Amino acid sequence: MPKPKSTLAKLFPFVAGFFILALLAGFSLGLRTVIEFDPANAQMRTSKYLFIKLPVIIDKQELWFADGTQPVTPIDWQLMHEFHHSATGTEIEHTHWGSTADTIIPWGELELNQDAMSQLATRTMELINADHHYKTIRIYARRIDAQLTQALAESETSLDSDAIDTLFDAALVAPTDDEANMIPDP
């Protein structure tokens, strides 16, 4: 005589079907990715949302110029990029923080000694928090990045904090008007 099926076994196909329908509905409404930046704490957060608002993945990381202290609260997240993927197409929104932080983040790959890294972090935070237009900050960051890369390629030893100051001062001296016109608005 066959065993009668349990209630759980009877419900399994319905639950699985509902789960698949929920996923399909979520993807048709859209998958949204939001990338945010906290300049005070040097952190970046990436959040993925299903059904526009339901968080699926939230990933937070400290950027290289974080000073290692506890985050200042409340954390002031600034939108960098937002990507909304749906069945009707993809919409992308970029902000000035996206253009600024995108330029700065790769500097973490530099192999500097502790003093030089500390000085670079200090000067970078001063630049980010300065009262400049975001295009000007981006131009300065690109100049400094190029000069750092060149100085590290030419130098057989690691740069010191005085060399970092010299690079920053040289990048901040030249006017930015001509370069700013070539940078598109976010």
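Tutor: Happy to! The side chains of D165 and R123 meet in a salt bridge, with N and O 2.9 Å apart; the term stands for a side-chain nitrogen of Lys or Arg within 4 Å of a carboxyl oxygen of Asp or Glu. D165 sits in helix α5 and R123 in helix α3 (residues 114–129), so this pair links parts that are 42 residues apart in sequence. Helices here are DSSP runs of H or I with at least four residues, numbered from the N terminus.

Before going on, a word on the source: this is a predicted model, where local features need pLDDT of at least 70 and side-chain atom pairs count only at pLDDT 80 or more, while totals for chains, interfaces and linings use all residues. Residues are numbered from 1 along each chain as its sequence is written, and side-chain values use heavy atoms, leaving out hydrogens and water.

Back to R123, which also forms a salt bridge with D169, the closest N and O atoms being 3.1 Å apart. Since R123 belongs to helix α3 and D169 to helix α5, this pair ties together parts 46 residues apart in sequence. Salt bridges with shared partners join R123, E126, D165 and D169 into one network.

How covered are these partners? R123 counts as buried because its relative accessibility is 13%, whereas D169, at 40%, counts as partly exposed. Buried means under 20% relative accessible area, exposed means over 50%, and partly exposed lies in between, with a 1.4 Å probe and protein chains only.

Helix α5 (residues 161–173) has another partner, helix α4 (residues 134–154): the two pack at an angle of about 140 degrees, with their axes 9 Å apart. That angle makes α4 oblique to α5; under 35 degrees would count as roughly parallel, over 145 as roughly antiparallel, 65 to 115 as roughly perpendicular, and the rest as oblique. The axes are lines fitted to C-alpha atoms over the stretch in contact, and angles run from 0 to 180 degrees between N-to-C directions. The crossing of α4 and α5 is right-handed, meaning that the near helix is turned clockwise from the far one by less than a right angle.
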